[in-house]
Amino acid sequence: MAWNVQVLEITDEHGHGIDKYRKVANSDDEGELHPLCEHQHDSIDEANHCPEALAKTVEITGIPDGSNADRAAMLEAEAEQMLTEAAQLKDQHKASNTWNRDTDSSAIAPSLW
Ligand SMILES: [Zn+2]
């Protein structure tokens, strides 16, 4: 699931922009907008840096400000984790091969493992 975090202009009941701004998050899955704070900010920049919105962003998306840089760092950490697991699985596989070889009655040469 990917999240989009953006600052949108707040609209009145008629759908007209009221020149106030709020940061929102929406996911690819739901397509639903989640407001990230309750304020009505005077500018896009102010809404973008609202501490409440930043905290809420992490809470909802698990990613600080939802930027790609953070996403990349997270993926790298995950990849590292998976490589570690793969290495462990390989070690186990190697260990079981050694075991089969040692216990194979047809093996003539002494095992060097
Ligand atoms: Zn705010």
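These are my notebook entries on a predicted model of one protein chain.

**Ground rules**

I count residues from 1 along each chain, as its sequence is written. The model is predicted, so I take local features only at pLDDT of at least 70 and side-chain atom pairs only at pLDDT 80 or more, while totals for chains, interfaces and linings use all residues.

**Confidence**

I looked up pLDDT, the predictor's confidence in each residue, from 0 to 100. The protein chain averages 82, and 77% of the residues score at least 70. I then went element by element.

**Elements**

I took helices (H or I, at least four residues) and strands (E, at least two) as DSSP runs, numbered from the N terminus. The protein chain has three helices and three strands. Their order from the N terminus is β-β-β-α-α-α.

**The sheet**

I checked strand pairing next; two strands pair if DSSP finds at least two bridges between them. The three strands form an open sheet in the order β1-β2-β3, with antiparallel pairing. β1 and β3 stand at the edges with a single partner strand each, so one side of each has no neighbour in the sheet. Neighbouring strands are turned by 45 degrees against each other on average, direction ignored. For such angles, axes are lines fitted to C-alpha atoms, for helices over the stretch in contact, and angles run from 0 to 180 degrees between N-to-C directions.

I went through the pairs one at a time. β1 and β2 are antiparallel over eight bridges. I found L8 bridged to R22 in β2. Five residues separate β1 and β2 in their hairpin, and G15 in the turn has a positive phi of about 85 degrees.

β2 and β3 (residues 33-35) are antiparallel too, joined by three bridges. N26 stands opposite L33 in β3, and V24 has P35 as its bridge partner in β3. This hairpin also has five residues between its strands, and G31 in the turn has a positive phi of about 70 degrees.

I stopped at D19, which sits in strand β2. D19 is not a glycine, yet its phi is positive, about 65 degrees. Most residues other than glycine have a negative phi. D19 counts as exposed because it has 10 C-beta neighbours inside 10 Å.

**Burial and the core**

My cut-offs: a residue is buried if 20 or more other C-beta atoms lie within 10 Å of its own, exposed if 12 or fewer, and partly exposed in between, with C-beta atoms placed from the backbone. Buried residues make up 12% of the 113 residues in the protein chain.

I then looked for a nonpolar core, a set of buried Ala, Val, Leu, Ile, Met, Phe, Trp, Tyr and Cys residues joined through C-beta atoms within 7 Å. The largest has eight residues: V5, Y21, V24, A25, L36, A47, C50 and A53. β2 gives the most to this core, with three residues.

Beyond its neighbours within four places in sequence, Y21 touches V7, L8, E9, I10, H41, S43, I44 and A47. For the whole chain, I took contacts between residues at least 6 apart in sequence; 29% of them join residues at least 24 apart.

**Helix α2**

Which residues of α2 are buried? In this helix (residues 51-61), they are A53, K56, T57 and T61. Seen down the axis of α2, they fall within an arc of 110 degrees, so they line one face of the helix. That arc is taken from the directions from the helix axis to the C-beta atoms. On the other side, P51, E52 and E59 are exposed.

What covers the buried residues of α2? The cover includes β1 (3-11), β2 (17-27) and α1 (44-48). α2 lies across β1, β2 and β3, at about 25 degrees to β2. After α2 comes G62, with a positive phi near 75 degrees.

**A look at α1**

I ended with E46, which lies in helix α1. E46 is partly exposed, with 15 other C-beta atoms within 10 Å. E46 and V7 are 39 residues apart along the chain, and their C-alpha atoms are separated by 9.7 Å.

Terms used: Two residues are in contact if their C-beta atoms, placed from the backbone, lie within 7 Å.
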